[in-house]
Amino acid sequence: MSERIDTSVATHRPRILVMPDAPLADAHVAERIAAYLARESRPVLGLATGRTMVPVYAALRERFVQGRLSFAEAESFNLDEYCGLLAEDPSSFASYMRRHLFDHVDMAPGRYHLPDPQAPDAFEAQIARAGGIGLQLLGIGRNGHIGFNEPGAARDSRTRIVRLEESTRRANAGDFPQGAVLPTHAVTMGISTILEARSIVLLAIGAGKADSLARAFDGPVGPACPASFLQLHGDVTVVCDAAAASRLEETT
Ligand code: GLP
């Protein structure tokens, strides 16, 4: 794939917070989400799935139980969902979100949204109606994907159906029963959709994310590493542990 790099655009270096260990990084992200929920009268969250986020949602549930956090006024939009799975399928991201967060907190069922493969444009309209995403939570794939924007994703992409890379399907195989045929496609917010969030927090844990973090923030901006488009956003905070930060040139 040939990468076209647009050198005419301003790029930003994100704040990169290297925490002493993974639990402190998780707690820090949960703390940022809690602070955002407390600060905003109508908070609109962009949410992510993946193994990285499991302890973040556990920390949010704990705060909720302690009465230190409420989702009552919040609305949320998830980054992505597999195609071809029912929402009730335990391997769907909808099930993941119910299991790890929605079933345990005070967010009303009609206030959280996952993209529907049948109606990607409607998802964009819903985000706009909510007033746009205030705080977007992101993980990162080993190949540099954000959401399911795989290498090759365009800067101006919006919510749409994409084909998953084989490496992504292998990486996520653990979320499916043994022997299951994994989805080949997913619906995901696009790069443009993500960049329109007012503030972005990306969490990366472990040595397996070191290469993709370095490519995203020390490399050129372009579709070869979709996370590199985050350099075009002026308010990105990367929270990581030392292992994930090990290949970055410079940290905050
Ligand atoms: C998944 C999701 C992404 C996630 C990434 C990393 O497939 N589509 O939103 O950030 O891959 O996942 P993990 O946290 O399991 O490494």
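Here is a short walk through this structure, from its sheet to its ligand. Keep in mind along the way that the model is predicted.

Let us begin with the sheet. In general, the strands of a sheet are held in pairs by backbone hydrogen bonds, and the pairing can be parallel or antiparallel. Here, seven strands make up an open sheet with parallel pairing. Reading across, the order is β1-β10-β9-β6-β2-β3-β5. The edges belong to β1 (15-19) and β5 (112-113). Each of these has a single partner strand, so one of its sides has no neighbour in the sheet.

Further in, you can follow one pairing residue by residue. Strand β2, residues 44-47, runs parallel to strand β6, residues 135-138, and two bridges join them. Look for Gly46, whose bridge partner in β6 is Gln136.

Which residues are around it? They are Gly50, Arg51, Thr52, Leu79, Asp80, Gly139, Ile140, His145, Gly147, Phe148, Asn172 and Lys209. Sorted by class, this shell has six polar, three nonpolar and three charged residues.

Some of these residues place N or O atoms close enough for polar contacts, for which the cut-off is 3.5 Å. The backbone of Arg51 has an N or O atom 2.8 Å from an oxygen atom of the ligand. From the side chain of His145, an N or O atom lies 3.0 Å from a ligand oxygen. For the side chain of Asn172, the distance between an N or O atom and an oxygen of the ligand is 2.7 Å. As for how covered the ligand is, alone it would expose 390 Å², and the protein buries 94% of that.

Definitions and conventions
Residues numbered from 1 in each chain as written. Predicted model: local features only at pLDDT ≥ 70, side-chain atom pairs only at ≥ 80, totals over all residues. Heavy atoms only, no water. Near = heavy atom within 4 Å. Polar contact = N/O pair within 3.5 Å; in protein donor to acceptor, adjacent residues only side chain to side chain. Areas by Shrake-Rupley, 256 points an atom, 1.4 Å probe, with all protein chains shown as cover. Nonpolar A, V, L, I, M, F, W, Y, C, P; charged D, E, K, R; others polar. Pairing = 2+ DSSP bridges. Helix = DSSP H or I, 4+ residues; strand = E, 2+ residues; numbered from the N terminus.
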